[in-house]
Amino acid sequence: MGPLVAMLSGLVVTDVSLKVSRYKRNGAMWLVASLFFLTAYIFMLVASAIYLSAIYTPLIATAILAIASLVIGLVLIGIIYALNARDRRILEDKRRRSQAQTSLAVATAFTLFRRQPLLAAGLALGVGTALGLMRKPADKDRS
C-alpha cells in the first residue's frame with residue numbers, strides 16, 4: 001500500500017506544480033502584454049491631443065479627450081451593470097426551477113413511499129444514477 005500512496009502523491013504534486021508554473025507563466029505574459037497595451041493607449045492619447053490641439057486650442061482638445069474618456073467609462077460601467085443584472089436573473093431562475101423540481105420530487109417520493117416502498121427504493125436508486133451520469137463535468141482548468 002505504501003508504494004501506491006507514494007506514486008499517487010507524486011502524481012498529484014507533479015500535476016499541481018505544472019499547473020502553478022503555467023499560471024505563473026500566463027500571469028507574467030499577461031502583465032507584459034498589458035504594459036504594452038497601456039503604453040500604446042497613452043501614446044494614442046498624446047497623438048490625439050496633439051492633433052486636436054492643431055485644430056482647436058490645447059484646452060479644448062484636452063477637454064474633448066477627457067469627455068470622450070468619461071463617456072467610454074460610463075458606457076463600460078453600464079455594460080457591466082447590465083451583464084451583472086442578467087447573471088442575477090439567470091441565477092434566480094435556476095434557483096426557482098431547482099426548488100420547484102425538488103418540491104415535486106419530494107411530493108412524488110412521499111406518495112410513492114407510502115403506497116409502494118420497494119418500487120420507490122428502486123426508483124430512487126435509478127434516478128440517482130441517471131442524475132449522476134447526466135451531470136456535466138466541471139471545467140476547472142480555465143487557463
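This is a short tour of the salt bridges in a predicted model, with a look at confidence along the way.

Start by colouring the protein by pLDDT. The mean comes out at 82, and 83% of the residues reach 70 or more. Now select residues 117–134: that's helix 3, whose mean pLDDT of 77 is the lowest among the elements. Where pLDDT is low, the predicted coordinates should not be read in detail. Then jump to residues 58–115, helix 2, which has the highest mean, 87.

Next, the charged pairs. A search of the whole structure turns up 5 salt bridges, and here are some stops.

Select R86 and D87. Their side chains form a salt bridge, with N to O at 3.3 Å. How accessible is R86? It has a relative accessible area of 41%, so it is partly exposed. D87 is partly exposed too, at 39%.

Move on to D93 and show its side chain along with those of R96 and R97. D93 makes a salt bridge with R96 (3.7 Å, N to O) and another with R97 (2.8 Å, N to O). Where do these partners sit? R96 and D93 are both in helix 2, 3 residues apart, or about one turn. R97 is 4 residues from D93 in helix 2, so about one helical turn separates this pair as well.

D93 is partly exposed at 27% relative accessibility, and R96 is partly exposed at 47%. R97, at 52%, is over the 50% cut-off and therefore counts as exposed.

Together with D93, R96 and R97, they are linked in a salt-bridge network.

Definitions and conventions: Residues are numbered from 1 along each chain as its sequence is written. This is a predicted model: local features need pLDDT of at least 70, side-chain atom pairs count only at pLDDT 80 or more; totals for chains, interfaces and linings use all residues. Side-chain values use heavy atoms; hydrogens and water are left out. pLDDT is the predictor's confidence in each residue, from 0 to 100. Helices (H or I, at least four residues) and strands (E, at least two) are DSSP runs, numbered from the N terminus. A salt bridge is a side-chain nitrogen of Lys or Arg within 4 Å of a carboxyl oxygen of Asp or Glu. Buried means under 20% relative accessible area, exposed over 50%, partly exposed in between (1.4 Å probe, protein chains only).
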